[in-house]
Amino acid sequence: MASSNPAGSLLKPCVKCRAQEATLDSRSQAVCRDCFTKFIAAKCIKQIGLLAKETPTPHYGQPRRFVVGLSLGPCSAALVHLLNENVDFQLARSRPAPFTITAVYVDPHPARKAEDDILEGYRQRYPRFTFKRDDDDGKLDAMLNSLPSAASRSDIVRLLTRHILLAEAVSHDAQALLLGHSTTALAELTLAETAKGRGFSLPWVMRDGVVDVVVSRPPSSSLTSSPSPNQPALLPPPKETKTKKMLIYHPLRDALRKELITYLSLVDNPPPLLTTHIHHTADNDKADKKVVSHKDLSIDEVMIRYFADVEKEYPSVVANVARTTGKLVRLLSGDSSSSQKLCGLCGAPLDESGDERWRGELGIQIQEEDHGEGEDGSGSGNKKGGVCYGCERSVRG
Amino acid sequence: MAPALCAVCKTARALIKRPKNHSKLCKTCFIEVFEDEVHHTITSSQLFFPGERVAIGASGGKDSTVLASVLKTLNERHNYGLDLVLLSIDEGIKGYRDDSLETVKRNAVQYDMPLKVVGYDELYGWTMDQVVETIGKKGNCTYCGVFRRQALDRGAKMLGIKHVVTGHNADDVAETVLMNLLRGDMARLSRSTSIVTGNNSSEVKRSKPLKYSYEKEIVLYAHHKKLDYFSTECIYSPEAFRGSARSLIKQLERVRPSAILDIVRSGEDMARLVPGESPSSCSCKGKSKAPAEVAEDDIGGCGSQNGRNPGNEMAVMDKQLRENEEHEAHEIDVAKSTPRNEGGTANKKWELPVRTAAVASKVVKGQVLGNCKRCGYMSSQDICQACTLLDGLNKNRAQIQI
Ligand SMILES: [Zn+2]
Ligand SMILES: [Zn+2]
Ligand SMILES: [Zn+2]
């Protein structure tokens, strides 16, 4: 059997190349380092190839323009690295660079040194790409402080980050916004959005495709800091909004988070990571699973912890979640001139009669009779403020 | 600190913090609010018609006992005009149902409702004890689960009743939504979220009036109304996906109390997004009331194995999926030469055919629901699972007799 094996002395030959020692487990196959990195790169390149077909070059011989969402965590770092490899590959063959990249880090906090240092590290490591920080002049930070809970802040940061990235993509006249979501991240997103009452907008969040971007106002102006911590004031959506279309793409949707982390550990000179992201990995489990009060946890964090476990034991189940929900259809025609009202915060279509019925199921009618001390102490405030079910929940706690 | 006053009546002391939204209520107001919300569910979903005969699936447990109590109260308060009957199933496991059946018998007296106990022997010709004798302990969960799923319908049919209500609560529904997401079973997810199940051609429809009630509030209601129910630990451990979903929901509820209902809401909305499910089942467009939807009942609830293997379902599925992936990888190699995608963005709106349609339809195609040719129960096969199992059992019995 080993006759065709050029290195018959291998203890455990890689099942793919049979030429090197297998040191890694890749989806239950023992592979070598080179074959593993090739495997991950291939997953990304396949998606980039599909994306290239969706986005014709602006002018002959000119590169495409993409904006990449940067979180300073491992997945978007892997994406930047893989895109850079792709450019290297083309240039080495004397072909023109296939695309230019502007990577944007959306920071809800006022400028912090750790993040700046990391961005500087990126600039030095990938000089062909542009790296940018969008902290929205601290407006976001002020607004977030007015929200009632960690879970609420996390929900809104996620929404606004997406808005800001889309706005950046539009302002750079990019042909697509690339997001670094791994299979695992997409599965987390599916269950997190479901738990936030946002099941209806899942197809817009999960799938590759075109979305409307409101460009007539800065996204963060839809929320202003509010007088009471329980009732963030919400402005109704402006009467006249100009929308542009933007293609969102997830080139790493076929790779698990743990695979991307392994990938980064194998490449030469990997990009720097923000340490707060590292505890989300399955590799260093027990130590960082210190009990955190659920008051300080967000829905997103609960899901990250949950899927770190599932990914370890049942990676194909994770992949299946992402794959299946990716097939939900987008129900509305997307004709922005239609009378369909959209949520002033997340832009999802509003379902007013459904919301009305649901207020009964939530027991909100009763609360509206009490203007007193009820923690939800809601009432008329933002009820007619034109936000969807999910955003109403997010803003309240 | 002065004792907080009830948020509704503002006179009595608030003794209860509602699990649903943490509002603080007195005992009387909590009971009233709980009942009002179930009334809202019943009217907004148009569950009943005046004069309807309705069987309450009664196990003696907290959910079905609260359901019976609330329905009796609301039926009298709002003149629903319902003819309510308690329907209990006896699986025929010696000793297992004794206490719970005693509870149901007391409930029948307390609520002044007729009670009908139907045994597996009457429904299937087999008690569970006899099944175990025949096939051994191993695998009998499959039988119990499948038989249990149909027992209420068959029992109601025997009584000539066309509507069975069950005590499934919001936690059960939310659990089923997450479980089916984890399983990647969108067809089942979309069916499991509707409040009414069973299609018009099926003889018995089922509904869940407590679909929006929190399990914790059901327990509080039973406690404060001093209801007589039988509390027992479920003897089955839930299968892996359900168990996993259940623990996840407990954590989410701690982060945000509304999470359970938020998941139910998402599940209902996602049901409309599943390819192949008719958008007309949308419960909101242009109507102030949600028409009762019909679908297969798919909530296993506690103790139901739904006829699946009791082993670690997650591990089994993971293995299965991995084998499929390897298989598909080979197929893609063959298909490499054919372009997967044609045309640019020019005329494309909304849906970029990036993922191939063929793959999409494979998974979400879903089974077409029909009726079992033998017993008439809803089934995606010609012969339903229960009848198939019965065939096997009866063959066995025949052999033994020979
Ligand atoms: Zn190799
Ligand atoms: Zn919204
Ligand atoms: Zn009161």
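Predicted model: local features only at pLDDT ≥ 70, side-chain atom pairs only at ≥ 80, totals over all residues.
Let us start with the metal site. Which residues coordinate the zinc ion (ligand 1)? The donors are the SG atoms of Cys14(A), Cys17(A), Cys32(A) and Cys35(A), at 2.3 Å. The angles among these 4 donor atoms run from 102 to 115 degrees, and the site is tetrahedral. For orientation, the ideal angle for four tetrahedral donors is 109.5 degrees. Along the sequence, the donor residues follow the spacing C-x2-C-x14-C-x2-C. Two of them link distant parts of the chain: Cys17(A) belongs to the segment before strand E1 (24-26) of chain A, while Cys35(A) belongs to helix H1 (residues 33-54) of chain A, 18 residues apart.

Is Cys35(A) buried or exposed? Its relative accessibility is 9%, so Cys35(A) counts as buried. Cys17(A), by contrast, counts as partly exposed because its relative accessibility is 30%.

I turn now to chain B. Helix H1 of chain B covers residues 27-44, which is 18 residues. From first C-alpha to last, this helix reaches 26 Å, close to the 26 Å expected at 1.5 Å a residue. H1(B) is mostly covered, with 13 of its 18 residues buried. Just after H1(B), Gln46(B) adopts a positive phi of about 45 degrees.

My next topic is aromatic rings. How many aromatic pairs does a search of the whole structure find? Over all chains, there are 12. In one of them, the ring centres of Tyr122(A) and Tyr126(A) lie 6.2 Å apart with their planes at 40 degrees, so this pair is tilted. Both of these tyrosines are buried. In another, the ring centres of Phe34(B) and Tyr221(B) are 4.6 Å apart and their planes are at 25 degrees, so that pair is stacked. It brings us back to helix H1 of chain B, where Phe34(B) is found; Tyr221(B) is in helix H9 (residues 215-224) of chain B, 187 residues apart. Phe34(B) counts as buried at 3% relative accessibility, and Tyr221(B) is buried as well, at 0%. In chain A, one aromatic cluster is formed by Tyr122(A), Tyr126(A), Phe129(A) and Phe131(A).

Finally, I mention charges placed over rings. The charged end of Arg93(A) sits over the ring of Phe89(A), 3.8 Å from its centre. Between the chains, Arg265(B) lies over the face of Tyr389(A), 4.7 Å from the ring centre. Thank you.

Technical notes. Residues numbered from 1 in each chain as written. Chains lettered and ligands numbered in written order. Heavy atoms only, no water. Donors = N, O, S within 2.8 Å, 3.2 Å for Na, K, Ca; no water. Tetrahedral: all angles 85-135°; square planar, octahedral: opposite > 155°, others 65-115°. Helix = DSSP H or I, 4+ residues; strand = E, 2+ residues; numbered from the N terminus. Buried < 20%, exposed > 50% of the residue type's maximum accessible area, 1.4 Å probe, protein only. Expected span 1.5 Å × (residues − 1). Phe/Tyr/Trp six-rings, centres within 6.5 Å; stacked < 30°, edge-to-face > 60°. Lys NZ or Arg CZ within 6 Å of the ring centre and 35° of its normal.
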